[in-house]
Amino acid sequence: MRAMVLAAGVGSRLEPLTARIPKPLVPVVNRPVMELILQLLKRHGIEEVISNLHHIPEALRRYFGDGSKLGMKLSFHEEALLSGDAGGVRACRDFLESGTFLVIMGDLLTDADITAVVAEHKRKRAIATIGLKRVDDVSQFGVAVTDQQGFITGFQEKPKPTEALSNLASTGIYVLEPEIFDHIPAEGTYGFGRQLFPKLVAAGQPVLGVEITSYWSDVGTIRQYRLSNFDALEGRIAVEIPGERTARGWIGEGATVDGSCSIDGVLLLGKRSRLGPGTRVKGRVIVGDDCQVEGAELEETIVWSGVTLSAGTKLKDCIVGHGCVVNDATNQTNSPAASQAAAGAKK
């Protein structure tokens, strides 16, 4: 079975974090979120994958190569102009149409049972299956209405809670049959959620919904990105955290923690990074690879790789982007919904 990871989006909801890197390379517990997706696919026996590219495509090609370092076969299709998610899949038809295939968004954090979703799709002979997740706030999602057999009878796009007919949101995980290409226009921008799937349902085609009961999060907003990292750090999703688990947290290869550091919470320290004398860590804190933290105070904060934080720096509820230098004049507190890439940082 083959799969496609949708990775062409610009990631505007994550700006300014995505100004210099494509959204699929945004790190979750110090690994690109797309790498975690590929690892999930491999665990479920899917090793031939294609991905569409658009925003800073060379960065993805450089990081993943041909997929061999993950034990997979990975190829890319670059889109000069975006054509919608279904349009992106259409462009990769030659790779996908040999049999049942999977499509998954490139900005998801999940440990969904892909094998079970595919099995249900085949058992009920659907032309398309959408992974669905129960959500508390339906106003933020497109939701699907299903019958007693699980087949989808209709959709609502971000309904008011009082008007919602369902709380089952689309997860961006689809199992599709090659016949799907007969229902996608040969040209133009075309999407799954607002065009293809409603069209199939209206035509009486068997479109199935399968509930995903394990962890799922869309990391496409600043708030969800932070929460997803912290969920992974606290073990709410089955994902491997890099580093050795110690009494002071996960410590990466070659990383050091000075004995005078205060750690009151859960820490992930990346490879070759250093927490110098007087550094204080509170709550959930992630520090990327090759960072130098010299006596800073960090609380509920994510620091990407190659960052230098000098003594006197105080950061709370922040995200610091790759390669930033934050000086001792910085005392920054942001709300989770308004965290910035590097408030007060200097390049």
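Modeller: Buried, both Tyr174 and Phe197. That word stands for under 20% relative accessible area, with exposed being over 50% and partly exposed in between (1.4 Å probe, protein chains only). Bear in mind that this is a predicted model: local features need pLDDT of at least 70, side-chain atom pairs count only at pLDDT 80 or more, and totals for chains, interfaces and linings use all residues. Residues are numbered from 1 along each chain as its sequence is written, and side-chain values use heavy atoms, with hydrogens and water left out.

Let's look at the rings. I count Phe, Tyr and Trp rings (the six-membered one for Trp) as a pair if their centres lie within 6.5 Å, and I call planes under 30 degrees apart stacked, over 60 edge-to-face and the rest tilted. That gives 7 aromatic pairs. In one of them, Tyr63 and Phe64, the planes stand at 80 degrees with the ring centres 4.9 Å apart, so this pair is edge-to-face. Tyr63 is partly exposed at 31% relative accessible area, whereas Phe64 is buried at 3%. Your pair, Tyr174 with Phe197, is edge-to-face too, at 5.0 Å from centre to centre and 75 degrees between planes. Tyr174 sits in strand β11 (residues 168-176) and Phe197 in helix α6 (residues 192-202), 23 residues apart, so the pair ties distant parts of the chain together. (Helices here are DSSP runs of H or I with at least four residues, strands are runs of E with at least two, and both are numbered from the N terminus.) Phe192 joins in as well, as ring pairs link Tyr174, Phe192 and Phe197 into a cluster.

That brings us to α6 itself. Its buried residues are Phe192, Leu196, Phe197, Leu200 and Val201. As for what covers the buried residues, the list includes α3 (85-90), β6, β8 (128-134), β10 (152-157), β11 and β12 (207-211). Just past the end of α6, Gly204 takes a positive phi of about 80 degrees.

Strand β6 has an interesting lead-in. Thr100 lies in the loop between α4 (93-96) and β6 (101-105), and at 17% relative accessible area Thr100 is buried. Counting heavy atoms within 4.5 Å as a contact, and skipping residues up to four places away in sequence, Thr100 touches Met1, Arg2, His121, Lys122, Val175, Leu176, Glu177 and Pro178.

With a salt bridge taken as a Lys or Arg side-chain nitrogen within 4 Å of an Asp or Glu carboxyl oxygen, the count is 16. One of them joins Glu97 to Arg93 at 2.8 Å, N to O; Glu97 is partly exposed at 34%, and Arg93 is partly exposed at 32%. Another joins Glu120 to Arg123 at 3.1 Å, and these two share helix α5 (residues 114-123), 3 residues apart, or about one turn. Glu120 is partly exposed at 22%, while Arg123 is exposed at 58%. Then there is Asp231 with Arg236, whose closest N and O atoms are 3.2 Å apart. Asp231 is buried at 17%, but Arg236 is partly exposed at 49%. Asp231 and Arg236 also belong to a salt-bridge network with Glu234, Arg284 and Glu300.

Last stop: Val5, in strand β1 (residues 2-6). Val5 is buried, at 0% relative accessibility. Leaving out neighbours within four places in sequence, Val5 is in contact with Met34, Ile37, Leu38, Leu41, Val49, Ile50, Ser51, Asn52, Ile104 and Gly106. Gly321 lies 316 residues along the chain from Val5, and their C-alpha atoms are separated by 25 Å.
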